[in-house]
Amino acid sequence: MKESLSSGKLIRNEITPDNLTQVYYKWVDDIGKHIEDVDKEEYPLLFFADIMSEGKIPKYKDLPAKLCYEGDDTPFFVLHKQRLDLNDTKGYDKFWSIYNKPPKEEHRNYLLSRRDSLIYTEERMKKGAYYTPLKVVDKAYDKLTEVLGAGWQKEYFVWDMCCGVGNLEMKHSNHRNIFMSTLDKADIDIIKSNHTCPEATVFQYDYLNDDVTDDGKIDYSKTKKIPMQLKDAIKSNKKILVLINPPYAEAGSTLGKNSKQNVSKTKVSKYLMDGYGKSSNELFTQFLVRIQKEIPNCTIGVFSKLKYVNAPNFELFRNKWKADYLGGFVVRSKAFDDLKGEFPIGFLIWKSNIKSTLISDVRVDVLDKDCKYKGEKYFYNKPSESFLNVWVERPKANKTVVVPLKNAVSIYDKNVCLNNWSDNAIGYMWCQSNDFQKSSNMTALFSSVWGDGHGFYITEKNLLQSAMVFTARRVIKPTWLNDRDQFLQPNKKLSKEFQNDCLVWMLFNGSNLTASADNLKWNGKDDWKIVNHFIPFKPSEVGSNTGWESYFMVDFMENLKFSKEATQVLAEGKNLWKEYFSETDVKKVRDDLKLNRPDVGWYQIRKALENRGISFDNFQTAYQKLTNKLQEQVYEYGFLMP
Ligand SMILES: C[S@@+](CC[C@H](N)C(=O)[O-])C[C@H]1O[C@@H](n2cnc3c(N)ncnc32)[C@H](O)[C@@H]1O
């Protein structure tokens with residue numbers, strides 16, 4: 001080993017007080033689990049026997065367990081005079097290729113004195129009562145070490161004011177510096193009975209209500225729950241790290257019966273959140289706001305969704321809450337067993353003091369669901385006037401009543417929010433929210449209004465802009481990582497080719513639900529009709545014997561120049577349109593798809609042809625080429641930031 005060290009080929013990590021708990025968990029995985037016939041509670045004894053030996057020679061003679069060797073390289077342990085063999089030594093070799101043993105002389109006694117904390121963590125693991133999985137906590141500790149330096153566990157007092165059963169603190173190797181408080185007394189009892197962090201100060205405390213006065217101050221004499229040592233540390237400006245995973249999930253699910261409305265009734269939201277707008281409904285922002293008021297000079301390591309960094313609803317929060325970003329990561333929500341949905345969860349470290357600036361752009365490491373490093377990513381704090389959802393001019397509604405839709409030709413019949421048309425409108429685009437989370441299934445084009453609103457009317461004037469919005473929102477595949485990315489207004493002059501490409505891409509996209517139909521039943525009448533203004537071909541080109549009611553799109557496209565990719569899509573699309581008119585569908589299909597007019601839309605044609613078993617292969621190939629081209633361009637034009 002000395003040779004390889006001096007040749008620089010292999011450098012092993014030291015075991016120190018700061019990484020003891022992390023190293024212990026790795027040791028349990030790689031070695032402990034392979035020791036035969038041993039009770040898990042004995043692992044810490046075997047762990048110490050293993051790390052406190054130099055080669056084959058133990059550094060302490062009086063430890064309860066002993067590491068021995070059979071022959072030259074088969075290790076086994078002796079505990080209570082019993083021989084314990086490893087059923088596999090591969091993990092043993094792997095582990096000791098990463099770490100150096102024994103630990104440096106100056107750390108050895110301190111490490112041994114931490115033995116108790118390891119014994120009880122095993123007991124706790126059995127109960128499985130964790131919110132933040134330990135593999136994620138592990139990464140948070142690595143990040144804290146990277147950002148705050150190797151000695152942070154000694155240097156900082158840590159306060160977790162929503163500690164639950166305390167797993168965020170389980171990897172900490174210096175419990176005397178830890179304060180843990182949480183809402184539920186039952187959690188405190190679990191922490192105490194399991195001896196989690198036995199030397200930490202643990203107390204019940206409702207951080208969003210306790211000690212908050214009606215005039216927006218924090219007065220510890222109200223509940224007298226805050227320990228003297230913590231009060232002193234805050235008062236005398238000691239180095240404090242707030243380490244939290246606050247209840248950032250839907251408030252209702254975290255707080256049992258409480259609904260989102262009840263959440264806003266905490267004293268923090270009532271007395272401390274003036275001017276924070278919608279963000280004050282969220283528990284995690286309430287934590288952040290009180291923390292900043294109470295400990296203006298502190299470091300905060302916080303798990304949460306990313307919305308406070310980049311979402312429109314949090315703009316007021318970002319205009320008030322000041323902190324300098326030090327570093328962090330996002331991890332896929334699937335890493336947390338009990339979370340539904342696919343989105344990034346951040347662990348971001350902030351330094352807050354009076355000189356701090358407003359939140360700006362944030363660079364994070366990206367970790368997958370197994371906490372493996374996958375690269376880096378930026379989250380941008382952009383003003384909401386730069387968002388795409390306010391780019392298109394929105395024509396006003398008029399008094400003409402139209403039939404509200406929930407799909408291309410089906411009626412939106414419950415709780416209708418919108419049933420008015422607009423002057424000169426040719427369609428309506430459902431365009432809800434401004435991020436990927438909603439864009440994939442809340443972007444669609446209709447020939448009447450989408451009954452729930454949340455969109456805008458399309459006219460000749462805003463048609464090309466609408467096509468670009470539609471494309472930007474739909475052309476990139478949503479993933480867990482881009483889920484909270486915001487769409488932005490373009491930042492350079494848009495070429496004619498790009499605009500026309502977007503128009504064609506929209507016309508042949510699966511979310512183009514423009515259609516025609518007669519005799520729709522709604523609101524006591526059975527003669528509602530919808531007219532399709534989005535047909536790119538003349539009747540004679542596609543074999544229809546009857547004309548369209550509207551030639552809007554044919555006329556609009558007449559003088560446009562199309563790229564070779566768009567031209568190919570139009571050609572393949574025309575073939576499918578022709579195919580549709582080459583046969584008449586069976587009655588059931590005609591009824592279901594409302595094929596009672598010639599000016600049917602792309603949705604109706606697609607569905608009818610799918611039913612006939614027609615191949616879309618040639619069309620798909622052409623459409624994919626246009627898709628590939630546009631996927632790059634939405635980034636180039638600044639609709640999305642990489
Ligand atoms: C997401 S869990 C995190 C628990 C633990 N720190 C972890 O990381 O696994 C949030 C915790 O905050 C607690 N909590 C909710 N509201 C609170 C409040 N007002 N004051 C203190 N703790 C609260 C919940 O009971 C829950 O244990």
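Biologist: What percentage of the 642 residues in the protein are buried?

Modeller: This is a predicted model. A residue counts as buried if 20 or more other C-beta atoms lie within 10 Å of its own. Of the 642 residues in the protein, the buried share is 41%.

Biologist: How many helices and how many strands does the protein have?

Modeller: The C-alpha atoms occupy a box of roughly 100 × 70 × 45 Å along the principal axes. The secondary structure of this protein amounts to 25 helices and 19 strands.

Biologist: How far apart are the C-alpha centres of domain 2 and domain 3?

Modeller: The protein is divided into domain 1 (2-113), domain 2 (133-381) and domain 3 (384-642). Between the C-alpha centres of domain 2 and domain 3, the distance is 44 Å.

Biologist: Which elements give two or more residues to the side of domain 2 that touches domain 3?

Modeller: In domain 2, 15 residues are in contact with ten residues of domain 3. Two elements each supply two or more residues to that side of domain 2, namely α15 (307-310) and β14 (373-379).

Biologist: How many residues on the side of domain 2 that touches domain 3 are charged?

Modeller: That side of domain 2 has eight nonpolar and two polar residues. Asp, Glu, Lys and Arg are the residues counted as charged. On this side of domain 2, the charged residues number five.

Biologist: Which residues are closest to the ligand?

Modeller: The ligand is surrounded by 20 residues. By class, this shell has eleven nonpolar, five polar and four charged residues. The closest are Tyr 131, Thr 132, Cys 162, Gly 164 and Asn 245.

Key. Residues numbered from 1 in each chain as written. Predicted model: local features only at pLDDT ≥ 70, side-chain atom pairs only at ≥ 80, totals over all residues. Near = placed C-beta within 6 Å. Domains from an automatic or database assignment. Contact = placed C-beta atoms within 7 Å. Helix = DSSP H or I, 4+ residues; strand = E, 2+ residues; numbered from the N terminus. Buried ≥ 20, exposed ≤ 12 C-beta atoms within 10 Å, placed from the backbone.
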